[in-house]
Amino acid sequence: FPFPYTPYRIQEQFMEALYGTLEAGRVGIFESPTGTGKSLSLICGALSWLRDWEEKRRQEEARLLALGAGGQDKLTPQQARPGSADTAGQPDWVTAFVQKKEERNMVDRLKEEQIRRKKREDRLEKIRHNVHLKYAAKRKRCEEDEAKRLLQLSKEALSQRAGEGAVDQLDHNEEELILAEYESDDEEKVVSRLEEDDDDDLEEEHVTKIYYCSRTHSQLSQFVREVQKSPFGKNTRLVTLGSRQNLCVNEEVRRLGALQLINDRCMEMQKNKHEKKSDENEGKKRRVSRTVCPFYSYEQMQFLRDEVLVEVKDIEQLVSLGRETKACPYYGSRFAIPAAQLVVLPYQMLLHEPTRNAAGIKLKDQVVIIDEAHNLTDTITCIHSAEVSGSQLCCAHSQLSQYMERYRKRLKAKNLMYIKQMLYLLEQFVAMLGGNVNQNPGCQAVSQTGTVLKSINDFLFQSQTDNINLFKVQRYCEKSLISRKLFAFVERYGGPASAVKTNKENQKLAGLQNFLLTLQQGSDEEGDPPMEAEHDQLQTASPLMQIEGFLSALTNANQDGRVILNRQGTVGQSSLKFLLLNPAVHFAKVVEECRAVILAGGTMQPVAAFREELLCCAGVDPARIVEFSCGHVIPPENILPIILCSGPSNQQLEFTYQTRDLPQMMDETGRILCNLCNVIPGGVVCFFPSYEYEKQVYGHWEKTGLLSRLAAKKKIFQEPKKANQVEQVLVEYAKCIKRCSQTGGQMTGALLFSVVGGKMSEGINFSDDLGRCVIMVGMPYPNIRSPELQEKMTWLDKTMPRAAGQAPSRVLIENLCMKAVNQSIGRAIRHQKDFASVLLLDHRYARPAIFNKLPQWIRERTQVKPAFGSAFAELRKVRTCLSYVL
């Protein structure tokens, strides 16, 4: 395998296993600890396979073309002899004729593909080696920009002279708020025509490619940088996909902030461009002024597409190129998908079928690699779940009612029918929460508070909405763009600052303004916590967008999900939530269509959860599943994992819900930390099961004086709840450790109190001195009183077989706990020369069922210590050895 340096043996094993899995077309679960060069192993292993696959395909094509050129179209006498028949009842000569025709068609198709491929390769090679083309394109863009600027100036001059017509223009602009005629549910008339303006070049056939997915924007950028450094960096056609929020270069649209608003504004601009073009073709002269995006130029996007394919670029470089070329990176990158060999994208985009189809992603016979796959099940569940509050339902009902009243005379019968159906749905949903849509949801008290779970069918039946075809309503919402029209309507007339004319027609809109104001005042009076600006903007301006997601979720099969009615205080605070129970149904299409699927991660344990709940439930044959787990590159002596069963005063460590709040248990934990801080240099990271427990323990230690004893050796930091404060805490933590290591003295470093599942348990590196010891206090079992979790447990017990005598619900609880533990303790060892100790404070970790769910490379080196004395001696010994080495 080509590699930028001599690979570790485990990297070679990883690449061999990966190559074999792709070649055999299987589904692989690959585990490689952080710090072992997993990304490079994925890149070099997968692209080596792709290179060999393309070479084999070229040889096969050449062989078939040679046969086609030298073959005879005439049938042999034996084939042409009538009377003989094959097993299907057809004469041999008919079968032979059909076979020959298929062969000729295939040869013709191969010739076309070869011509298309040669054309593409020549074009890219020309761009790669001819810088004059770039400068010519840039000069042409500058000339076009200058011409546009002069044209704009002349328009402004003319508009100043003709100011008196401005009032009429505003009235004409209202046309864009009115829904287009909706013909029929079955007709495919409303088709996105973005591609229809383009030439045949866009219809280029998809080459065999690898889709690489990860969780965050930064992880994708990091992966692309690894590709750039790899031996494949120069010759791989790579394209990075992202959301409009990340890729949009139109500042007017970017300023909207919220992703949903950016999406809607962008789509509206594309629609405006198409309508403008069709109006010109039909010779109509409409005075309606509609904004089109200046960056949506097909010629410039073709140029951007070729630039992307010529040289590997990450998202930041793609956005810079888009600004420079005046081309949309969002659509330009999509145009590059068919010819790309490696497509890098967030896994939400790949896992959500409508988004996948909209992006032009075709999975048939392709390879999918999902990195950081430990959260895959949760991600699929989250993508396909939806929640709406009573406040949003009432607000959407009011907006839609006002919209219908204003434009009733202008709307066709089909539009009115669907709007009335949607109003009825909203009305019934609010009634299920115990409220009335015509009253302020913030002032309506709920008589029966609590949480109730219902099946989809029961919910629809009890809300009396089972007679409405939700599939048709969902299709109407998608095709009519009603949420977009409604948002524009509210933006114009709903805001407190909007100047609404006082004629009779516009007086009707005063109700909408007043209602929105009372909603805002009602929530303030109830003392609701302040929401994020983006969520607040969506909640007041466009709740229908979120409600559409809930309606879509209700079209799932009855057995695959539940509806949760959460009635709290007032109707406004109450909510309806759809919970997906079976994520496998949405993953099934991916594994069915793809040639091979790889689920990779630093910690994939417990693997059984992926195999049973996700893959087998998605219909994957167990024989098709491959598991690979490799050790770490660090020497065995560089990590010391210890399961500690009791503390310094022989108090047994068992942090159950019943015992963890006992003063003696908190005191014992404090004594353990005091002893450790005396011998461990640098940073110590201590994970607690929850924010509440961490706060409780901190308060107890403050009262007993133990906190001041800890603070004498290590400066104490706490993980903040707000995400925007995490970076500052980490910077201060790192500075303190560095200062202590340089100056010496009594203070030996810092102690960081973190929370399992919090901001610092994933994606944060505590390498070297930042994490010389990671401590896990207790076992972070999820809250089994949660209605969602209880429903999931019930569903598993009904649908899944018992594993090793354990109920599936019990296995789920253990898996969730150990997945969180494995992520947290994996924060420490980040490279080959790193070293750290890991302490698991609870005797239950020693139980075989739990112990076997630790990562293999940690499990092999773990020592179980019944008493604190022997564990402390091991830590002192290791510390002495390492100090000597350092």
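Reader: Strand β4 (residues 342-346), how many of its residues are buried?
Author: In β4, 5 of 5 residues are buried. Buried means under 20% relative accessible area, exposed means over 50%, and partly exposed is in between, with a 1.4 Å probe and protein chains only. Helices (H or I, at least four residues) and strands (E, at least two) are DSSP runs, numbered from the N terminus.

Reader: Before we go on, what kind of model is this?
Author: The model is predicted; local features need pLDDT of at least 70, side-chain atom pairs count only at pLDDT 80 or more, and totals for chains, interfaces and linings use all residues. Residues are numbered from 1 along each chain as its sequence is written, and side-chain values use heavy atoms, with hydrogens and water left out.

Reader: Back to β4. Which residues sit on which side?
Author: Leu342, Val344 and Pro346 are on one side, Val343 and Leu345 on the other, and both faces are covered. In a regular strand the side chains alternate between the two faces of the sheet.

Reader: Which way does β2 run next to β4, parallel or antiparallel?
Author: Strand β2 (residues 210-214) runs parallel to β4, joined by 5 bridges. Two strands count as paired if DSSP finds at least two bridges between them. Tyrosine 211 has valine 343 of β4 as its bridge partner.

Reader: And β3, how many bridges there?
Author: Strand β3 (residues 238-240) pairs with β4 over 3 bridges, also in the parallel sense. Valine 239 is opposite valine 343 in β4.

Reader: New topic. What is the strand order in the open sheet of 7 strands?
Author: The order is β14-β15-β13-β16-β17-β12-β18, and the pairing is parallel. Strands β14 and β18 (863-865) are at the edges with a single partner strand each, so one side of each has no neighbour in the sheet. On average, neighbouring strands are turned by 20 degrees against each other, direction ignored.

Reader: How is that angle defined?
Author: Axes are lines fitted to C-alpha atoms, for helices over the stretch in contact, and angles run from 0 to 180 degrees between N-to-C directions.

Reader: How many bridges hold β12 and β17 together?
Author: There are 6 bridges between β12 and strand β17 (residues 836-841), in the parallel sense. Leucine 640 has serine 837 in β17 as its bridge partner.

Reader: Which strands does helix α31 lie across?
Author: Helix α31 (residues 726-743) lies across β13 (682-688), β14 and β15, at about 155 degrees to β15.

Reader: What about the open sheet of 4 strands, parallel or antiparallel?
Author: That sheet is antiparallel, in the order β6-β9-β8-β7. Strands β6 (386-389) and β7 (450-455) stand at the edges, each with a single partner strand, so one side of each is left without a neighbour. The twist averages 15 degrees from one strand to the next. Strand β8 (residues 561-568) is joined to β7 by 6 bridges, and threonine 451 has asparagine 566 in β8 as its bridge partner.

Reader: Now a helix. Which residues of α30 are buried?
Author: In α30 (residues 706-713), Leu706, Leu707 and Leu710 are buried. They lie on the same side of the helix because they cover an arc of only 100 degrees around the axis, taken from the directions from the helix axis to the C-beta atoms. The face turned away from the buried side carries the exposed residues Ser708 and Arg709.

Reader: What covers the buried side?
Author: The cover includes α28, α29 (691-704), β14 (714-718) and β15 (749-755). Contact here means heavy atoms within 4.5 Å.

Reader: Last one: what does arginine 772 lie over?
Author: Arginine 772 lies over the face of phenylalanine 835, 3.7 Å from the ring centre. A charge sits over a ring if NZ of Lys or CZ of Arg is within 6 Å of the ring centre and within 35 degrees of the ring normal.
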